[in-house]
Amino acid sequence: MSQDFERRTREVLEESTARLDGRTLSRLTRARHAALDQAHRPLRKRWRLYIPAGAAAVALAVILWVGGSRPVAEPGPVDDMDMLADSDAPVFAEGDDLEFYEWAADEIET
Amino acid sequence: MTAFVIVRGVYNTPVLRDQESMASRALEQFLSSVEKRAFKIAQLGLRNDDDALDAVQDAMMKLVQSYAARSSEEWRPLFYRILTNGIRDMQRRRTVRGRIMAWLPMRDAEDDEEFDAVAQAPSADPTPARRLELDQAIGTLETAIAELPPRQQQAFLLRNFEGLDVRETASAMGCSEGSVKTHYFRALENLRTRLGDVF
């Protein structure tokens, strides 16, 4: 009795499946082909998809490495000359303190 | 550079290409053998043709992407595991959106698209009376199945319609074999109660 019921319901479902319309069958076929196409895509070509991202990552790493390791510029002799030549700061070249400034500059260099 | 040439050379050997081609043919045969029943299961679970097609296509894609290398005996339970998970996820999203489809009639996808005379052509059938009888049986049964609780519906369709055994059904549903037996028994009882006079 139970097996008859199970068999009958199975037959009806099979009949319903056999009646699927052409549009649905066509879409199922397209779905299958789309799934299989991705499997056919050779592995050796897939790595090419990652080239742009890889190149960008390498470029970024190089920029960060070079930029990060660049030493902070310290004032050198040229900067001192600029300061002394600056018309807005004449006080450095006036008075009796000139020797003091020379001594201070030597201390900085050493 | 040398390594690349060697790898490429090995990959292009006729033996590997033949193996790849055989595996591809086996996959195509498998997908072709399950796609109609898979669609029917998704259609009954989702009550919408477009969503059902999306669920089947997603399951095909994921199987090929992730499990193509597995042995072909594993494909069926894996495929239905992916499909039932996809159906369940769609059902949950609908619940979240508040779209309670159980009280709505099955949407006819053709309503949204142009009429296709070839697609709509009736299949060859022995007699109009027999066809009408089958139409009624299909409608009644599918409505009853669609209204089963999801787990009972899955157990019934995978066991009775798709023909998976208890172990495969448990694998596909992600539950124990005992749960499969319980869900299947309750599904049969529910359907018998509703369809007893018709079937």
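Among contacts in chain B between residues at least 6 apart in sequence, what percentage join residues at least 24 apart? The figure is 65%, where a contact means heavy atoms within 4.5 Å. Welcome to this predicted model, in which local features need pLDDT of at least 70, side-chain atom pairs count only at pLDDT 80 or more, and totals for chains, interfaces and linings use all residues. Residues are numbered from 1 along each chain as its sequence is written, chains are lettered from A and ligands numbered from 1 in the order in which they are written, and side-chain values use heavy atoms, with hydrogens and water left out.

**Confidence**

- The predictor gives the complex an ipTM of 0.73 and a pTM of 0.64.
- Chain B has an average pLDDT of 83, and 75% of its residues score at least 70; pLDDT is the predictor's confidence in each residue, from 0 to 100.

- Chain B has 9 helices and 0 strands, while chain A has 6 helices and 0 strands; helices (H or I, at least four residues) and strands (E, at least two) are DSSP runs, numbered from the N terminus.
- Buried residues make up 39% of the 199 residues in chain B, and 20% of the 110 residues of chain A; buried means under 20% relative accessible area, exposed over 50%, and partly exposed in between (1.4 Å probe, protein chains only).
- The accessible surface is about 11200 Å² for chain B, with 54% belonging to carbon and sulfur atoms, and about 8400 Å² for chain A, with 61% belonging to those atoms.
- These areas come from the Shrake-Rupley method with a 1.4 Å probe, and for residues only the protein chains shown count as cover.

**Helix H4 of chain B**

- H4 covers residues 72-97 of chain B, and its 26 residues should span 38 Å at 1.5 Å a residue, which agrees with the 38 Å between its end C-alpha atoms.
- The expected span is 1.5 Å times one less than the number of residues.
- Buried residues in H4(B) include Trp75(B), Phe79(B), Tyr80(B), Met90(B) and Arg94(B).

**Around Leu164(B)**

- Leu164(B) sits in the loop between H7 and helix H8 (166-173) of chain B, and is buried with a relative accessible area of 0%.
- Leaving aside neighbours within four places in sequence, Leu164(B) is in contact with residues including Arg76(B), Tyr80(B) and Ala172(B).
- Leu164(B) and Tyr80(B) are 84 residues apart along the chain, with their C-alpha atoms separated by 9.7 Å.
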